[in-house]
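This report concerns the packing of secondary-structure elements and the contact between chains. The structure is shown first, and the description follows.

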Amino acid sequence: MLSVQNVHTYYGKSHILHGVSIDVGPGEVVGLLGRNGVGKSTTLKTIMGLVRPSEGTITFEGRSVAGAAPYHLARLGIAYVPEDRRIFRLLTVLENLRTGLDRPGVPPERRDALLAKVYGSFPVLRERRNQAGGTLSGGEQQMLAIARAMMLEPKIILLDEPTEGLMPRMVAQIHEIIDVLHGDGVAILLVEQNVRLTLEVSSRVYFMEKGVVRHHAPAADLRRNDAVIHQYLGV
Amino acid sequence: MTIPFDLLLIQVINGIVTGMILALVASGLTLIFGIMDVVNFAHGELFMLGAYLGSTVFLTTGNFWLALGAAVMGIGLLGAVIQTTTLRPLLGRDPLTTILATFGLSLVLQNYALWQYGPVPRKINEPITGHFSLFYLEYPWYRLLVAVLSAAIIGGLWLFMKYGKYGIWIRATTQDRVMAAAMGIPVPLVHTVVFAIGAAMAAASGVLFGPLTGVNHAMGLDFILRAFIVVVVGGMGNLGGSILAAIFLSLLEAFASIWVSPAQAVIVSFVVLILTLLFRPTGLFVPTPK
């Protein structure tokens, strides 16, 4: 469904991605692991159109989307949850959700159903719906960032380190919501530092090093044999 | 020395009336700055062209309200064209380039108006000509109407920004352009629409202001200078702050002109501007939710 082939990306003169290739099938949860600064976040940003690749192809459902505008990609069904969450701090929780909900072609019943669904998964967001996004705790902001992405009814969510800095209870909740999304048939490309979570939720895992994908294996194999994980992550 | 109460009250009303028009011009300016980081030096010319377009429609139809509507629509459209052709290609570049672009645009528009309409000021007649007695003065109803209409337009903008679907898009884009785009908000379109709204508001103030001073090609200059002071004192990009600052500065000038001539009273605004830049460079007023 999403296919990234030999993508090169630069920030100014620094060459960040040196030919990254990744595939995500429909409804598949795929992990992307690697040490800090190997280009995992840049890979997601490049897919989302926030950084322009200088070389390579990105196709989504058969159409070429490399260099397309982010809002166009969002309308096609790609949602992005950035590492720093990027909540609209001065908008209320409900207004944050409405940024994704107020798109053309969503009838009122559908809107209500979508809101009811995320409020069901994240009851705290319903309680705080009239509170400014910036006043939420880190964990709540992460919930809101994921809930906001769900408003787009995406076919795939690019999830960048959702558990970073969260307490274990919140991590468990993130795990749960990934399972729910997976159950709904939403594909996920998950960038994480939390190896255990990644192996638990993903079907396949890619390992990145210095701007390229070095290794690629089914999560089940990695759960049995963690030598690869030691090799690429040093843990 | 005591100030007569009637004089004080008259100056309060004068201050509020000018303050509301100034607020109308300044809120367009600050809205555009807030969302695009563009300091629009051509804003005064949009104000002036609005007044001219209004006067043309007024001369042919004799209807003030039609003139106001036509100016708002026409200059709003012009704003959209200016944004797409001149500013959109400069997005993300050094702010200096947009300053040069809008400054150049301001010169072009000003000289166009001089060439098209000539140097003789035009007049728009006020739609209501009545006066009421305010102590020893015959105060024109029209000046109050201007204040009320300006307040209504600003109030409408506020409601639109607070509750409207597109208002939320605008606020989201103002806060985080990149994330707004990632949420499917068509950011280039939002920029164009905001610029058009700002231009339309400038045109509305131009038409409303026309009957008070007459319409000429340089009328934007004086006004825009004061609008810039207001925007800086209120906090760049802070809509509520701009409105408060417009009223605050106009009241201050009105009071000052009890003692000195109105031309000298402008100095007060500059003093406030300098003090603000020295001690509260982010603006006098606490940021309001945007």
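How many residues does the contact take from chain A and from chain B?

## Contact between the chains

The contact takes 22 residues from chain A and 18 residues from chain B, two residues being in contact if their C-beta atoms, placed from the backbone, lie within 7 Å. On the side of chain A that touches chain B, helix 2 (70-76) and helix 3 (93-101) of chain A each supply at least two residues. By class, this side has 12 nonpolar, two polar and eight charged residues. Ala, Val, Leu, Ile, Met, Phe, Trp, Tyr, Cys and Pro count as nonpolar, Asp, Glu, Lys and Arg as charged, and the others, Gly among them, as polar.

## Basis of the description

The model is predicted: local features need pLDDT of at least 70 and side-chain atom pairs count only at pLDDT 80 or more, while totals for chains, interfaces and linings use all residues. Residues are numbered from 1 along each chain as its sequence is written, with chains lettered from A and ligands numbered from 1 in the order in which they are written.

Helices (H or I, at least four residues) and strands (E, at least two) are DSSP runs, numbered from the N terminus.

## The sheet of chain A

In chain A, six strands form an open sheet of mixed pairing, in the order 6-7-8-3-9-10; two strands pair if DSSP finds at least two bridges between them. Strand 6 (78-81) and strand 10 (212-218) of chain A are the edge strands, each pairing on one side only. From one strand to the next, the twist averages 15°.

Strand 3 (residues 29-33) and strand 9 (residues 204-209) of chain A pair in the parallel sense over four bridges. Within this pairing, A:Val30 stands opposite A:Arg204 in strand 9 of chain A. Helix 7 (residues 168-183) of chain A packs on the sheet and touches strand 3, strand 7 and strand 8 (187-191) of chain A. Its direction makes about 150° with that of strand 8 of chain A; angles run from 0 to 180 degrees between N-to-C directions, and axes are lines fitted to C-alpha atoms, for helices over the stretch in contact.

## A helix pair in chain B

Helix 10 (residues 239-256) and helix 11 (residues 262-279) of chain B pack at an angle of about 140°, with their axes 8 Å apart. Helix 10 of chain B is therefore oblique to helix 11 of chain B; angles under 35 degrees count as roughly parallel, over 145 as roughly antiparallel, 65 to 115 as roughly perpendicular and the rest as oblique.

By class, the contact of helix 10 with helix 11 of chain B has seven nonpolar, one polar and one charged residues.
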